[in-house]
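Please examine the sequence and the three-dimensional model shown below. The paragraphs after it lead from the overall picture to individual residues.

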Amino acid sequence: MPVCDHVRNAQLRAPSSLTPVYKEECTQCFDDHDMDAGIDVCLTCFNGGCPESPHCHAHEHAMKTGHHLTLNMRRVSKDDERPAKLTKLEIKEEKDETVYQTFVRCWGCSGAKVEMVPENVQHVVQGVMHAVEASKGGEIKAWSEEVKPCKHFDSLEQQVGSEFSQDKLHQCSMCDKRENLWMCLSCGHAGCGRRQYDGSGGNNHAIDHFEQTGHSVSVKLGTITPEGTADAYCYTCDDNKMDPHLAQHLQTFGISVLAQQKTEKSIAELQLEQNLALDFSMTTADGTQLQPVAGPGLTGMRNLGNSCYLASIVQCVFGTDRFRDRYFPTASNHFLSCPQQLPAQCMLCQLHKLAYGLWSGRYAILQTGEDGNLGPQKGISPAHFKAAVARDHPEFSSMRQQDAFEFLQHLTKQVAIAERTVEGGSQDPTSIFNFTTEERLQCTKCNGVRYKTQAANSLSLPVAKRMAEDGKAFEPISIDECFRLMAAEESVEGYRCPACNESTTAVKSTRFATFPKVLAVQVRRFEFVNWVPQKLDIPVQVPLTAIDLASFHGSGLQPDEVPLPESPEEAVAESNEQPVDEEVVAQLESMGFPRVRCVKAVKQTGNSGAEVAMNWIFAHMDDPDIDVPDSQPAQTSAVDPAAVEQLMAMGFPQDRVETALQLCDGDANRALDRLLSTEGDVTEAAAAASSDAAAKDESQSRSQYELTGFVLHKGTSVHCGHYVATVRQGMGRDASWFFFNDAKVAAQPDPQPEQAYVYFFTRCD
């Protein structure tokens, strides 16, 4: 088509290295650039959309935003040769085996192809072509080593070599290599990189130059961005480093960073590719090969590099009816009504997208191997979902391995926050995990009792550590004994009884006040050795048939019991107390930290998990008030109207929002955590009625459960190794078990839950 007004009048800006560009996968479904239709990248906001049915999200985005021009990108293979597989120990860049077929499309002209692309559009097209895919950009940033500057960059002496010329920087000075070139920042010499053990890569000429001249520091050509970032290396330190004066150093050679464009993969990108090449077997303990399967609800998830903790939890959570029914059938309706311009940055969009990917069956296709046999699926990539759910979280936004149970708690919290913007949270699927616990405390001197119930959405069970007779293994423990250990009475020494008005000993126990639809249970099968959690291989016997938790149901205040009085001081302290995750506090205490520090760390980090809290403790060891309890009530002060508006938009009433902000020193994140944590709390005055309320809602009193999923961890520590999931589909005789190992899915005829780390029990309603 001739140049239309949409093209002629387009005012476009090329993406910078900091601009997210979604060019490999649709942000609303999992159609990608390898499919026949390719992906349309919006040339205005750089959203990625599928251009053809059944969804045509690219057209939907254009009509919704008025962004008419897109770049269609389809990746195709150069030839039939398969690239050699990366080994774990080498970091090298393979030659490109694929190319992109591209064209500009105008959705304002019914999706017509633009034949003549003017310069103002072509400049943006080139920027998109060279940009890093947004999801990989976040991963690369997280995977990047903690690169720091060194003194050799600060004390650098520069003198342009007599043979230096910018025209010679496209090739090694000592051979014909044109890729992976490193420029010496002392004299401008261009040398190729290291030779790999298999003979590939460079010829070591950059290192040879250092050994001959002593010039320590260099920069990788092709990785320099207009923002002044690039791969830099110090041969004296023999490590990747950051050059804080890169623009100044390059200017010595007449090179302006503003005129540079990244054309080669950085070391972080290569490390990411290497990690994604890791493979795991799909065999049972006796070596039997599991049979791959595919279909709705049997869609695998590709490993992003240490993302197995996320995939295993997601398979169990989205295997529940409530999550599937909330997000799968309603995806298209949400996309049409969502006010967010970029679906990749909307938590609800990514939840709907993920449910569609897992349950539509569109992406659950077994691949044919080189031997002609059906092999595992390609799977869907949870990159956009991970970016949305982990945004601003210091651990889950990284590429490090994480604790699966902590991620489950984070996931349910983020879903609940997002759902509060939709009809006040009435459709929130995380409610299936919600229940209340009943804490009973009794003074052993006057026998007065105090009941308190607290909202919860998961349970952490202790285990008994008993060695077998041979002294080489642990004795197994039943899941029933784990529940009994949880409900057992424990002594509270030095309890200040308000009735006795003196220090006494009290006994405390915890039971269920109500039962959830789905009970998520962590088994604390680990101990801390030198501050590192080490797994204990204690088998936990969990039946695949129904279990009854009725004996762990609390009874509330009984007619013959006398409630303890509440002093005014206790009432004030309790109203001002910020809720803390006692499971995290217990983990920190087991490491040897005093309880005061543990509670303070959990509060200050907004209940973000044990690892984040532990890091806070280490960072504040020298604080003069580290061992001073937070006992003083918060002072009433003015709160930020913007923070009030932000929290009220989630459906919380203004008075509760303002109170929470005042009690949390104006910190919106801590206030939000308090609002969510206290929403279901019941005080002692209402504890007596808790059992009556549960009786009215008969389902919350039902105590029979069946195991419907579990997450298994392979490795010595919860922060390394590999997570897999086993999930049950169907009920009764129609029930079948399936094994999820990232993108690989297989039928599991004989599930083995004895060594699982997280269990999901579904109530027998």
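Predicted model: local features only at pLDDT ≥ 70, side-chain atom pairs only at ≥ 80, totals over all residues.

Residues are numbered from 1 along each chain as its sequence is written, and side-chain values use heavy atoms, with hydrogens and water left out.

The protein contains 24 helices and 28 strands. These elements are DSSP runs numbered from the N terminus, with helices being H or I runs of at least four residues and strands being E runs of at least two. Of the 765 residues in the protein, 48% are buried. A residue is called buried under 20% relative accessible area, exposed over 50%, and partly exposed in between, with a 1.4 Å probe and protein chains only. The accessible surface comes to about 35,900 Å², and carbon and sulfur atoms account for 49% of this surface. Among contacts (heavy atoms within 4.5 Å) between residues at least 6 apart in sequence, 68% join residues at least 24 apart.

Side chains of opposite charge can pair when their charged atoms come close. How many salt bridges does a search of the whole structure find? The search finds 21 salt bridges, each defined by a side-chain nitrogen of Lys or Arg within 4 Å of a carboxyl oxygen of Asp or Glu. One of them joins Asp-34 to Lys-378, with the closest N and O atoms 3.4 Å apart. This pair links distant parts of the chain, 344 residues apart: Asp-34 is in the loop between helix H1 (5-8) and strand E1 (39-42), and Lys-378 is in the loop between strand E12 (374-377) and helix H13 (383-389). Asp-34 is partly exposed at 31% relative accessibility, and Lys-378 is partly exposed at 33%. Asp-34 and Lys-378 also belong to a network of salt bridges that includes Asp-32 and Arg-75.

A salt bridge between buried residues is formed by Glu-419 and Arg-326, whose closest N and O atoms are 3.0 Å apart. Glu-419 lies in helix H14 (residues 404-419) and Arg-326 in helix H10 (residues 321-327), so this pair ties together parts that are 93 residues apart in sequence. The relative accessible area is 0% for Glu-419 and 9% for Arg-326.

Within helix H15 (residues 479-487), Arg-484 and Asp-480 are 4 residues apart, about one turn of the helix. They form a salt bridge with their closest N and O atoms 3.0 Å apart. Arg-484 is partly exposed at 45% relative accessibility, and Asp-480 is partly exposed at 34%. The buried residues of H15 are Ile-479, Glu-481, Cys-482, Phe-483, Met-486 and Ala-487. Their cover includes strand E16 (477-478), strand E18 (502-512) and strand E28 (756-763).

Phe-483 also forms one aromatic cluster with Phe-435, Phe-512, Phe-515, Phe-552 and Tyr-705. The whole structure holds 23 aromatic pairs. Rings of Phe, Tyr and Trp (its six-membered ring) pair if their centres lie within 6.5 Å; planes under 30 degrees apart count as stacked, over 60 as edge-to-face and the rest as tilted. The ring centres of Phe-318 and Tyr-327 are 6.3 Å apart and their planes stand at 35 degrees, so this pair is tilted. Phe-318 is buried at 1% relative accessibility, and Tyr-327 is buried at 0%. Phe-323 and Phe-433 also form a tilted pair, because their ring centres are 6.3 Å apart and their planes stand at 50 degrees. Phe-323 is in helix H10 and Phe-433 in the loop between H14 and strand E13 (435-443), 110 residues apart.

Charged side chains also sit over rings, meaning that NZ of Lys or CZ of Arg is within 6 Å of the ring centre and within 35 degrees of the ring normal. Arg-324 lies over the face of Trp-359 at 5.2 Å from the ring centre, and Lys-353 lies over the face of Phe-30 at 4.7 Å.

Helix H20 (residues 641-648) has Ala-643, Val-644 and Leu-647 buried. They cover an arc of only 100 degrees around the axis, which puts them on the same side of H20; the arc is that of the directions from the helix axis to the C-beta atoms. The face of H20 turned away from its buried side carries the exposed residues Pro-641 and Glu-645.

Methods. Areas by Shrake-Rupley, 256 points an atom, 1.4 Å probe, with all protein chains shown as cover.
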